[in-house]
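Let's walk through this structure together, one piece at a time. Have the sequence at hand and turn the model as you read.

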Amino acid sequence: MTLSANRRGWLQAGLASAGALVLAACDRITNNPKGNAVLQSAEGLTRRAQRLVVDRKALAREFRPGDISPDFKPNGSVDPTDADYVALKAKGFADYRLVVDGLVERPLSLSLADLRALPARTQITRHDCVEGWSSIGKWTGARLGPLLDQARLKSSARYLVFHCGDTLEETLDGSGQYYESIDLIDAYHPQTILAYDMNDRALPVPHGAPLRLRVERQLGYKQAKYIMRIEAVDDYRHLGRGKGGFWEDRGYEWYAGI
Amino acid sequence: MAKPEKVLVYRHAAVTRLTHWINVLALTLLLMSGLNIFGAHPALYWGQKATFAHPWISIGAVQLPSGDMKGVTQIGSTSFDTTGVLGYSGKVGAREPVAFPAWATVPSQRDLADARHWHFFFAWLFVLNGLVYWLAGLVGGHIAKDLVPTRHDVAPRNVWREIVTHAKLKFPKGEEARHYNVLQKGAYLAVVLILLPLMVLTGLCMSPGFDAGAPWLVDVFGGRQSARTIHFLTAFTIVGFILLHLFMVVASGTWNNIRSMITGRYAIIPDKAPEPKGEAA
């Protein structure tokens, strides 16, 4: 069949404006709290489906030393300028103390030497960024489970919140401070560690010195860096903007499994 | 000469029509939100990990000595200037460094968090819709009866004849038009059997949570970054299929085809005096 140039012009213009209308409608849905909530409802389905098909104790794949990325990409904060952090860094983290408090029977304050004396684990795992890239690194750190046993969680504790030493976004209300939260099943997973070494060397600053979380099987933004304090809580809604983490507060999923 | 009488045959079952149009919606939004997601890291790699300095394909913007920006698409060792479409696009004077242009993405602004919400929402719709299609197609016989080629279909002579008549844009009339020809069967089967499931599987392999449960599937694709690459290549193969499909729809009778996918009724012009037989699907 043939179309006259005129008709074709009209057709093209019609298709283009129909497309523009659809795009504008999509943007309106995105920016409408109710519309966005409908879209986000899929997250619950994703989380439940993954919990259904993947055992929560399943281990993330571990790799060989030869697989380690020579160009592991640091992301987010790479050199925090927060005064407290800068002061700690200046002394090589000699004054660093990890505080473990909140809903625990025995609050802890641990130096790096204390942390290195705890039951440790080394794992070579793939770090999957929400942006789409992956890097493979070797992590050594204190297993979180035994550390929590030392602090003796109260029965009301449901989540662990990791308060970090870096401000990733300057805000007036302080909600730009990095933080993350995980549930207790992930906290007691054998591969969940507080890493102080990366690729057999002390954790470098761009990757979260002196201590970062490795909670494998979740995306990169869950792997909180520059951890200063671990707080056991029964709920995280009173923290930040209420979604359980810096990126969660900015629209990303709390369950970062996909 | 009297105009040959048209006969309306019942071509598409309700479930085929419904799942087709849901798929149109889901695939469109999956593609457009996917292009937005890609913009968060517009480079692809092979294997488990990224090799940041050496993607096999990347889209970006570079600043020229004059201060102007240029959109650059790199494939292997070759680079192309794609200003206006890839890497650097928008209205002249208000161009932005973004992998795919605003008119091709949902949301139109670069927005990884919201693009993911769109993507996963319509991924679920796409998967559930696909399951309905498969179940109905297997139980109702649509796949076995209408899509699986017959022995006659796959005879080299027939395949060659179909290729030649398609290339000439001559389409079967009469009795022959009651059934899909071998090229249609092959294309539709490849889409529903290979390409669409491949999108789901490679998509799942990008999930670190899923990977812990099925690392073997990641190995099948050669690693998470390979899965991401295959996800992207398959998406564009599907886009290619859709363009060809739309072209064939127009070339073989736009309104007749569209009507058949809405009401189910497809008009054919019988060869001779039609003997009413059972309805072809």
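In strand β10 of chain A, A:I230 is the bridge partner of A:F162. Helices and strands here are DSSP runs, helices being H or I with at least four residues and strands E with at least two, numbered from the N terminus. Two strands count as paired if DSSP finds at least two bridges between them. β10(A) also pairs with strand β1 (residues 98–102) of chain A, this time in parallel, through four bridges. You can find this pairing by looking for A:G102, which stands opposite A:A232 in β10(A).

Is β10(A) enclosed by the rest of the structure or open? Strand β10 (residues 227–233) of chain A is largely enclosed, because five of its seven residues are buried. A residue is called buried if 20 or more other C-beta atoms lie within 10 Å of its own, exposed if 12 or fewer do, and partly exposed in between, with the C-beta atoms placed from the backbone.

Before going on, a word about what you are looking at. This is a predicted model, in which local features need a pLDDT of at least 70 and side-chain atom pairs count only at pLDDT 80 or more, while totals for chains, interfaces and linings use all residues. Residues are numbered from 1 along each chain as its sequence is written, and chains are lettered from A and ligands numbered from 1 in the order in which they are written. The predictor gives the complex an ipTM of 0.93 and a pTM of 0.93. For chain B, the mean pLDDT (the predictor's confidence in each residue, from 0 to 100) is 93, and 95% of the residues reach 70 or more. Within chain B, strand β1 (residues 7–10) has the lowest confidence, with a mean of 91, and strand β2 (residues 43–44) has the highest, at 98.

Now step back to see chain A as a whole. Its secondary structure comprises six helices and 10 strands. Along the principal axes, the C-alpha atoms of chain A fill a box of roughly 80 × 45 × 40 Å. Of its 258 residues, 41% count as buried.

Most residues other than glycine have a negative phi, and most peptide bonds are trans. A:F93, however, has a positive phi near 65°. This residue sits in the loop between α3 (83–90) and β1 of chain A, and A:F93 counts as partly exposed because it has 19 C-beta neighbours inside 10 Å. A:R217 has a positive phi too, near 80°, and belongs to the loop between β9 and β10 of chain A. With 27 C-beta neighbours inside 10 Å, A:R217 counts as buried. The peptide bond from A:A209 to A:P210 is cis, with omega near 5°, and A:P210 lies in the loop between β8 (201–202) and β9 (212–214) of chain A.

Chain B has a cis peptide bond as well, joining B:V106 and B:P107 with an omega of about -10°. Look for B:P107 in the loop between β7 (96–98) and α2 (112–140) of chain B. Chain B also holds an open sheet of four strands, in the order β2-β3-β4-β5 with antiparallel pairing. At its edges stand β2 and β5 (78–81) of chain B, each with a single partner strand, so one side of each has no neighbour in the sheet. Strand β3 (residues 57–63) and strand β4 (residues 69–75) of chain B are joined by seven antiparallel bridges, and B:S58 stands opposite B:Q74 in β4(B).

Finally, how many residues does each chain give to the contact? Chain A contributes 41 and chain B contributes 30, where two residues are in contact if their C-beta atoms, placed from the backbone, lie within 7 Å. On the side of chain A that touches chain B, α2(A) gives the most, with nine residues.
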